[in-house]
Every structure is written in structure tokens, then in C-alpha cells.
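Thank you all for coming; I would like to walk through one model this morning. Please keep the sequence and the structure in view while I talk.

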Amino acid sequence: MKGFVFSILSLFLLVLSGCASKPDTTPKVEPINPPETESFSERALKEKISDSLAIRPSWTYYQYALQAMDNQEWLLARHYLDESLRQLVSEKFDSTYKNVSAAEDSAYHASMPIRIVRALDEVYPNVAELGESAENFVRNEVSIEGVDALDESEADSAALQVIESFLDTLDVSQFTLPVRFNERVLQEIYYMTNSARAFMSGSLNRKTAYDSLIYAQLDAAKMPRDLIYLALVESGFKLKAYSRAKASGMWQFIPETGKRYGLEVDYWVDMRRNPELATKAALKYLNRLHDEFDDWLLAMAAYNCGEGRVRRLLREMQEDTTRDTTIAVTYWDLELPKETMRYVPRILAAMVIGHYPEQYEMSVEQTYQPDFDTVTVFDSFPLEEVAKLLKVTEDTLRSLNMELVKWCTPPNKESYLLRLPVGTRSAFVEGYDKMEKNNFSSWHHHKVRKGENLGIIARQYGIKISELQQANDMKNTRIRAGQSLLIPIKVTPKPKANRGKKPQKVRTYIVQSGDDVAAVARKFGISQDSVRAWNSLDVAAVVKAGDTLVVSKPEPTPQVENESAKNQPSKNRPKLAKGEKYAVREGDTYAAIAKIFDIPVVMLMQANQGFNKRLMVGDSLVIPEYVRKKGEKKQAKSESSKPAAKKPSNEKVSVYIVQQGDNLSSISRKFGTSVAKLQELNNMGSNTNLSVGQKLKVAGAPEVEYKIHTVKKGEGLWDIARQYKVTIEDIVKWNDLQDTKIKMGQKLKIKR
């Protein structure tokens with residue numbers, strides 16, 4: 001409330017000062033006639049000002065606020081608007097920002113309050129709707145004391161002397177970052193132990209939960225251990241911290257940088273919030289910066305303001321003929337942005353306090369990350385459904401799966417590793433098939449137009465208002481022009497069968513290089529005979545990279561219709577006109593559809609990109625024009641009726657990919673066969689030449705080879721089986737387990 005009053009009073013004073021300006025310097029904020037779908041933030045972000053004004057913190061924070069508004073992060077936007085106003089007041093008395101003409105400066109100070117008021121008009125109605133969650137957001141997600149807080153209060157000489165007297169007793173070699181106890185570092189120690197004391201104390205407590213994780217990665221990368229304090233300054237070890245423009249997570253990556261270093265960021269997940277993956281990405285980025293600048297302080301500065309700016313300032317100083325070129329340029333020599341000038345000293349200050357918390361009367365208590373189990377899910381579940389099944393709160397699931405942005409597990413992923421409270425995995429597995437899954441096949445983004453409401457939009461897409469609210473995590477029906485809504489597109493369900501059996505989603509798999517029928521069967525824990533039966537493959541059939549295979553039992557195709565079509569005279573069959581469309585039904589496969597229309601499966605798949613995408617209910621398939629040659633069927637039949645020439649009927653034929661160093665002799669030993677049989681099976685004659693990557697038909701089974709898997713924290717047989725595409729029963733059999741219980745660190749044999 002105090003901050004709000006301050007903002008309003010300051011704003012009032014600034015407006016008055018703007019009104020007192022000369023007429024020729026008064027800003028003219030012209031009304032804009034935007035397209036009906038353009039929001040306030042979109043219009044405002046297009047506004048340009050001179051470079052000399054754009055460097056001011058008040059403008060920077062105003063831009064951060066607009067970006068937060070564009071993301072519908074209303075509380076974050078309010079925080080940045082307050083900060084923009086605070087900076088605007090300080091800039092009026094700071095000579096640093098008087099590098100423009102008096103007229104331009106006066107116009108800027110008069111127009112900025114108007115911009116901020118207009119932005120607040122958009123923000124406050126949305127903040128009011130958040131209710132109790134507003135305070136929770138500020139407490140848990142906005143890290144205002146970290147990088148953002150740049151209080152101007154400075155320690156006097158007496159306070160600095162007290163700090164310095166303790167630092168004089170320290171051996172700086174104990175720190176792994178190069179530290180210089182100059183006034184800038186002393187001022188930050190004073191700030192972190194006074195104005196930001198609560199933030200520093202809380203951060204040190206939260207840090208203990210991640211010490212082992214971060215130190216292990218720093219040690220493995222041979223990087224300074226004290227880089228951990230960069231995360232403290234960035235986020236205070238709050239995983240959902242969202243400070244500065246679109247930066248998120250413990251290490252505060254913006255989306256573009258996060259994606260560059262392997263952190264997935266989309267509508268459904270934000271891996272910047274995953275502590276293990278984000279730490280790995282941050283260290284990779286810092287290591288690259290250190291490789292370029294060969295200095296950890298410069299690397300940290302570049303992490304904050306960008307390597308381009310640091311690179312440019314270094315080059316300018318090195319080209320300066322007035323300086324001593326024999327002395328290397330350091331971080332302390334650069335005139336960096338105001339934030340970065342305090343950023344690195346603040347990390348060094350946090351490092352000192354972190355090593356000696358008792359000196360600053362801070363009590364650090366050990367905290368722990370919650371223990372968890374993991375399961376691999378192949379469907380999208382609302383977290384509310386999972387919470388009900390496990391009899392836990394939805395917040396409990398969210399705290400274990402911080403990277404989940406929305407209300408469900410990601411529907412755009414083949415699989416997702418879901419973390420569950422310890423001891424609930426078995427209950428989840430048992431209830432997996434009973435839970436309500438998201439029956440949406442795709443998602444569409446809709447930009448709200450003037451005059452639209454949720455009812456109109458829901459009717460337009462044939463969904464319920466409640467489904468639209470759930471998809472967008474909305475607590476009410478209020479929307480605005482320019483807002484982007486996520487529209488769930490439903491699967492069109494097939495009428496239930498007579499027995500009321502719930503149709504199952506048919507899974508398909510695109511064959512990868514090196515796969516054969518046996519490998520595919522192992523990946524999905526099914527038999528080779530099933531793969532052949534579901535895909536109309538005979539025992540000698542060879543699969544190749546790019547083929548699409550059905551890997552779950554297909555539901556019976558509509559028998560009445562298909563059988564009648566099959567038994568009808570050919571003149572009454574569907575006419576195979578070029579470009580004809582067929583609507584895919586539950587249980588259909590490419591093989592089954594090709595059989596109905598008497599066309600080759602390969603031709604059907606090529607005409608419909610079948611090698612690149614899975615077959616979905618409701619898809620519209622093009623039936624290519626095809627005329628079977630005379631006698632083709634008969635010939636195929638006569639050939640298939642011939643005895644399998646000299647091929648042992650009791651031996652299974654599979655495909656082997658030739659590896660570096662292989663020859664016919666070594667392969668024959670591997671499969672317990674002979675060189676002559678290999679040559680005969682592959683029509684090689686007396687030829688013994690092989691090439692790497694060549695596919696060979698082989699009769700017999702290869703010698704059993706195992707790899708060892710070490711059980712990780714939270715893993716169960718469910719997760720390990722899916723990781724290696726085998727069944728739980730296989731792992732139990734291979735390891736002679738008495739039951740399905742395993743423990744962390746246990747070694748398990750997995751057949752290759």
C-alpha cells in the first residue's frame with residue numbers, strides 16, 4: 001500500500017511539473033486508430049524515442065512492463081510500472097541523464113506519466129481480479145530484491161570502515177572468483193545486509209536445497225564453485241522467479257537464450273524452471289563467455305548485459321591510444337550500464353556473505369528438495385485429475401513439476417516424465433486408464449476481436465465456455481480485444497460400439513535407421529508376431545527407415561461397412577477417383593485402408609505424408625488412382641505359395657545392420673549360423689564383401705548382450721522400461737528380481 005501511495009503522489013507531482021512546462025515542450029500524445037485486434041501493449045511497444053532517451057532506466061522498465069502486459073503477467077507489469085516511475089523521479093535529479101536538450105528532457109518527463117497512467121488503466125482491473133493470488137505471486141515469483149532493486153541508499157564512511165575491517169582479515173584465495181574489496185563491493189555488502197537483508201537471508205536458506213545439484217555440475221565442468229552466487233542474485237533460488245523482460249527460472253534466462261542452450265520454452269512447458277536443466281544450460285553459457293573473455297567477472301557482466309556490449313567496450317578501450325596498452329582491461333575499467341555496474345559487485349558481496357553468514361548475524365538452516373517418484377505419461381492429463389486420483393493438492397503436483405506452465409501435462413509431446421509425491425506411483429499406474437484424458441487433437445490461437453465474448457468464441461469452435469476457460473486458466477469470462485486465446489480442437493468421437501468398449505488410440509512408430517521388426521517390438525514391449533500381424537508383414541518382410549508401423553492393437557474397423565464393400569461386386573465398390581478423400585475412423589491403419597481400396601500401402605502413405613506424421617481419427621486421406629496390372633495378384637499369390645526355398649521353417653529371419661569391422665564370419669558367429677547361409681539368404685553367391693550400413697537378412701537370434709542401468713532417485717521399473725522401450729516383465733526376468741521393488745543406486749541389466 002505504501003508503494004502504491006508513493007507511486008500516485010509521485011505521479012501527481014510529475015504531471016504538475018509537466019503542466020508547468022513551456023507550451024512548445026508539452027508532449028502531444030496523438031490518439032491512434034489501431035486495428036480492432038491490436039492491444040494497448042502492442043501499440044505502445046511500437047512507439048519509438050531517441051537513443052539518448054531510450055537508455056534511461058525509466059524507459060527500460062516501462063518497456064519491461066509493456067512486455068509483461070503482452071504476456072498477461074499483470075502483477076509483473078505493475079511492478080515494472082512502479083519501478084519506471086521511481087526511476088523517472090530519480091532521473092530528474094541525476095546529472096547522468098541530462099545528456100539531452102532541456103526541451104527534449106522536459107517533454108520526456110511530461111509525457112512519461114501519461115504513458116504510465118494509460119498502462120495502469122489496463123493493468124489494475126486485471127490485478128484486481130487476481131484476488132489472493134496477487135500477494136502469493138509477489139511473494140513467490142517476482143524477485144524484486146535481486147537484480148531489479150538498485151536502491152540509491154549508500155553506506156557512510158563509518159559503516160564502510162566496519163565492513164572493511166572484517167574483510168582485511170580474510171584470505172581472498174579461499175574464494176574461487178577473483179574478488180577486489182573496493183568501495184563498490186563494500187557498498188553492495190552493506191546493501192545486502194541492510195535494505196535487502198530479508199532477501200539475502202531467505203536466499204541463503206533456499207540455496208542449501210540446491211547446493212549438491214549445482215556444486216556437482218560446477219565441479220564436473222571445472223568451474224568456480226562461487227558462481228552459485230550468480231543464481232542467488234538473479235533469482236534468490238526461486239524456481240518460478242520472473243524478473244526483467246521475459247526472464248524466468250533460477251538462472252533467469254530469457255526465452256531466446258534458454259532455447260539456444262537447450263531449454264524448451266513453449267505454451268505448455270518452461271524448462272527454465274527445471275533446476276537441473278537450467279543449471280546445465282547456465283554453466284554452458286557462462287563457460288562459453290569465459291572462453292571468449294578469459295575472465296570470470298567479464299563473463300558475469302556479459303551474462304547480465306550481453307556479450308555484444310562487453311565486446312564493444314573492450315574493443316574501444318583497447319583501441320584507446322591514451323591508455324597503457326601493457327595493462328589488461330578488466331571489468332572494473334568498463335563503463336557498463338548502471339545495472340551491470342552493480343550486478344557483478346553484488347555477486348561478489350553475496351559470495352562473501354555466503355561464506356561468513358554468522359559475521360552478518362544471518363542464521364542459515366538446511367532446506368531440502370522434496371523427494372518424489374516419477375512416471376512416464378503418454379497422454380495429456382489435467383493436473384486436477386491426477387491430484388484427485390492421488391488424493392493430494394494440485395499445488396503439490398505443481399511444486400514438483402515447476403516447468404509445467406498450464407493446467408495439464410503437455411499435449412504436444414509424445415511422452416512426459418511426471419514427478420509424483422513419494423509413494424504414489426503405484427496408485428497412479430493403477431488408475432492411469434481410469435483418469436479422464438484431454439480429448440483434444442490440436443490447438444489453435446485465436447486473437448480476440450472487438451465485440452467478441454467467450455460465448456461467441458466457444459460457439460465458433462464448437463466447444464464449451466468452461467473448456468475455453470480451462471485451456472486459458474481463466475477464473476472469469478472477461479476478455480479484451482487483442483488478447484490471444486488458446487482454442488482446444490476436439491477429436492470427433494466415433495459412436496460407441498455395441499458393447500460400450502472405450503476405443504483406444506492407435507499408436508504408430510516411424511522406423512529409424514538400424515531398426516528391424518525385433519527392435520521395434522522390444523521398444524514397445526510387444527511381440528514380433530503382433531507387429532507383423534498388425535502391419536500385414538510376412539516373416540521375411542524387411543522394414544526400412546521411414547516406414548510407419550502400427551505398434552498397438554488396432555480396434556476392429558467398421559466391419560459391417562468394410563465387409564459389405566468387400567463382398568460387393570467390383571462395379572459397386574468406391575470409385576477410385578484421383579484425389580478422392582477418405583475420413584479416418586477409430587482403429588483404421590494405413591494397411592487396412594489400402595486393403596479396402598485395393599491399393600499398395602506405400603502408395604497410400606506417399607500420397608498422404610504417411611512417413612512423416614501419424615494417422616489420426618478424423619484425418620482426410622487422399623486415395624490415389626491406381627489400376628492393378630493384369631495377373632499381378634495371381635503372380636504374387638503363386639510366388640508366395642512357393643516353398644520357402646531352403647529357408648528353415650523353425651528359424652526367425654531378422655535384419656542386421658553391418659557395423660564397422662564386421663565381416664560375414666563374425667556376423668555368422670554372432671547369430672549362430674554359417675557364412676554359406678548368410679550368402680544364400682541375401683543372394684550374395686560367393687561374394688563376401690560388405691559395406692558399413694548394409695542391411696543383411698539373418699536367420700537365428702543374436703547373442704544376448706546387456707547394458708547396465710544404475711537406478712536414479714525417484715525412478716521405478718515403469719520409467720526404466722519406457723526409457724529402454726522394454727517391458728517391466730523383461731527387466732524382472734533379466735535380473736531375477738523377486739518383485740518390482742528397486743532402490744536408488746541398484747544396478748539393473750537391460751538387454752541391448
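Predicted model: local features only at pLDDT ≥ 70, side-chain atom pairs only at ≥ 80, totals over all residues.

**Rings, confidence and helix packing**

Let me begin with Arg342, whose charged end sits over the ring of Tyr191, 5.9 Å from its centre; a charge sits over a ring if NZ of Lys or CZ of Arg is within 6 Å of the ring centre and within 35 degrees of the ring normal. The charged end of Arg225 likewise sits over the ring of Tyr215, 4.3 Å from the centre of that ring.

Residues are numbered from 1 along each chain as its sequence is written, and side-chain values use heavy atoms, with hydrogens and water left out.

How confident is the predictor? The protein chain averages a pLDDT of 77 (the predictor's confidence in each residue, from 0 to 100), and 76% of the residues score at least 70. Over residues 14-35 pLDDT stays under 50, and for that stretch the model has 20 contacts (heavy atoms within 4.5 Å) beyond four places in sequence. Residues 491-503 also stay under 50, with 10 contacts beyond four places in sequence.

Returning to rings, Phe253, Tyr261, Tyr285 and Tyr303 form one aromatic cluster, where rings of Phe, Tyr and Trp (its six-membered ring) pair if their centres lie within 6.5 Å. By this rule the count comes to 12 aromatic pairs.

Now to the helices, which are DSSP runs (H or I, at least four residues) numbered from the N terminus. Helix α14 (residues 275-293) packs on helix α16 (residues 307-318) at an angle of about 10 degrees, with their axes 12 Å apart; the axes are lines fitted to C-alpha atoms over the stretch in contact, and angles run from 0 to 180 degrees between N-to-C directions. That makes α14 roughly parallel to α16 (under 35 degrees). Tyr285, already named in the aromatic cluster, is among the α14 residues that make this contact, and Leu314 is one of those from α16.

Tyr303 of α15 and Tyr343 of α17 are among the residues making the contact.

Terms used:
Phe/Tyr/Trp six-rings, centres within 6.5 Å; stacked < 30°, edge-to-face > 60°. Helix = DSSP H or I, 4+ residues; strand = E, 2+ residues; numbered from the N terminus. Parallel < 35°, antiparallel > 145°, perpendicular 65-115°, else oblique.
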